[in-house]
Amino acid sequence: MKKHSLALLVMSSMVLSVPVSAADIKVIHAGTLLTLAGEPVLSERTLVITDGIITEIKQGYVAGPIATAQDTVEIVDLKNKFVMPGLMDMHVHLQGELGPNNDSEALRMSDADVAIRSAYFAKKTLLAGFTTVRDLGAKPEQIYALRDGINKGWVDGPRIIASGGVSVTGGHGDVDGMSPDLLDKFTSKTICDGPYDCRRATRRAIKFGADVIKITSTGGVLSDTNTGTGQQMDDDELKEVIDTAHALGRKVASHAHAAQGINAALRAGVDSIEHGSYADKESIKLMKKSGAFLVPTLLAGDTVVKMANAAGADFMSPAIKAKAVRVGGDMMKNFSAAYKAGVNIAYGTDSGVSHHGDNAKEALLMSQAGMSNTDILKSATINAAKLIDMSDSLGSLSMGKQADIIALNANPLNHIEALLDVPFVMKAGVIYKL
Ligand SMILES: [Zn+2]
């Protein structure tokens, strides 16, 4: 009864306080326009954006639509720029950055400190031209709050698809390298063992706000456990997590290095393989059959190799250093084979290992590994949108799509380095950089 009268009150006040709706109109004059990676580049086009949605794309430079007195109209001159869809990074960790102070930060920073810093990293990412990211590992309540705060316009950042992590005891997704007391304190409630327990953990992660489930089917480079990079979640655990997540409408991304763990996750129905460092012929066959995406994160491999070899890398334990040099070095070669075989590839950097805001550097490594510039752009736009089931609204520019638009000083199809310099960023029709 109470609820009912409240609803009526809200409805009547809405009717009274919104007399005429004013539209926010932006008119972009684009010198060069790429609407969809893989399609021909267009020149001299006008894009009209109304309340964050692309409503018109016209030939030539024309004025906007007829606006009412209440509407706001802004003309954006990008006549000497290359205009394209916002970039999408399918693997970031906005919560932190790898470095020598990580241990003391874990002890000294409050959850609130970490949350504020995450907002800082989110803004850097957005201003680098990445309008959508998938965060695959953070304290759940912090990343969900950041995601929701950005959606409400409280802080500037990319659209975040936020994961909840499910991992096994002592696995790469568990905490490590601390005293037993701290290990106990920091162990997440979604660490599980055995299929029933992992079903519980998956449901719990989704209950608390996960858009996607992140699992770790193999060991990882940066876990200080001396357990290698082989399979760590058993077949029955993988199957249970993935079936449960799918039943609840969530996709599953699996961190995986060794082939056995990659293949086990693929056989269990995983939606994306993160890193995929030792993907073999069987992995390629399984990915092509299921359509699962490979998210290569070459930048993470490159970063950890450089760090392990640099002076002052004492903060990395011998176990971590050894893995970094081996895995980082092998990533490029195996990625190259997967690319040539034609598997679905979505762009991902593992930023947080590398610096936030450097996300475009992945493109240079993909290019070095033999990927064409068109395919790199596809991976960072339309393929990424497909991976998160949002290609109806993101990843390309056409009528009815979200106005997530960036501009570059040069054409990245000729020089992929052009992605490093992004002078214009718009997300959902809001200009963040001009
Ligand atoms: Zn990662």
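This is a predicted model: local features need pLDDT of at least 70, side-chain atom pairs count only at pLDDT 80 or more; totals for chains, interfaces and linings use all residues.
Local features need pLDDT of at least 70 and side-chain atom pairs 80 or more, while totals for chains, interfaces and linings use all residues. Residues are numbered from 1 along each chain as its sequence is written, and side-chain values use heavy atoms, with hydrogens and water left out.

Visitor: What makes His91, His93 and Asp350 donor residues of the zinc ion?
Guide: Donors are N, O and S atoms within 2.8 Å of the metal (3.2 Å for Na, K and Ca). Here NE2 of His91, NE2 of His93 and OD of Asp350 lie at 2.1 to 2.2 Å. So they count as donors. Water is not among the atoms, so the site may look incomplete.

Visitor: Why is Asp350 called buried?
Guide: Buried means under 20% relative accessible area, exposed over 50%, partly exposed in between (1.4 Å probe, protein chains only). Asp350 has 8%, so the label holds. His93 has 19%, so it is buried too.

Visitor: How do you know that Thr381 is buried?
Guide: Its relative accessible area is 1%. Leaving aside neighbours within four places in sequence, Thr381 is in contact (heavy atoms within 4.5 Å) with residues including Ala37, Met84 and Gly395.

Visitor: Why is the aromatic pair of Phe335 and Tyr339 called stacked?
Guide: Rings of Phe, Tyr and Trp (its six-membered ring) pair if their centres lie within 6.5 Å; planes under 30 degrees apart are stacked, over 60 edge-to-face, the rest tilted. These centres are 6.4 Å apart, with 20° between the planes. So the two rings pair, and the pair is stacked.
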